[in-house]
Amino acid sequence: MKSDTRWQRIAERLAESGWSWRHVHLEDRVGRGRHVVEAHNDDGLTHAVVADSVNPAFVALEHSVKSASK
């Protein structure tokens, strides 16, 4: 059985909707982590989000993409 995390399910939904995405985990000089997620499509639309952890980053990205398509 496949054990997907929340961010992986969101990433799959984005890809199924025609969005390409990428995720980068960065650390500052004192070791605080930041997750940067970005999605773009063939229409030239781009959304990017920065968060302290990966799940909230993807949740915010999905919300941003959905809000823009309304």
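**Entry 1: the helix pair.** I looked up the handedness of the crossing of α1 and α2 and found it left-handed, a term used when the near helix is turned anticlockwise from the far one by less than a right angle. The model is predicted: local features need pLDDT of at least 70 and side-chain atom pairs 80 or more, while totals for chains, interfaces and linings use all residues. Residues are numbered from 1 along each chain as its sequence is written, and side-chain values use heavy atoms, without hydrogens and water.

I then read the geometry: the axes of α1 (residues 6–16) and α2 (residues 54–68) come within 8 Å and cross at roughly 25°. Axes are lines fitted to C-alpha atoms, for helices over the stretch in contact, with angles from 0 to 180 degrees between N-to-C directions. That makes α1 roughly parallel to α2 (angles under 35 degrees). Helices (H or I, at least four residues) and strands (E, at least two) are DSSP runs, numbered from the N terminus.

I noted the residues in contact (heavy atoms within 4.5 Å), including W7 and I10 of α1 and F58 and V65 of α2.

**Entry 2: the sheet.** I found an open sheet of three strands in the order β1-β2-β3, with antiparallel pairing; strands pair if DSSP finds at least two bridges between them. The edge strands are β1 (20–27) and β3 (46–51). I recorded six bridges between β2 (residues 33–40) and β3; V37 has V49 of β3 as its bridge partner.

**Entry 3: helix on sheet.** I saw that α2 packs on the sheet and touches β1, β2 and β3, its direction making about 150° with that of β3.

Technical notes. Angles under 35 degrees count as roughly parallel, over 145 as roughly antiparallel, 65 to 115 as roughly perpendicular and the rest as oblique.
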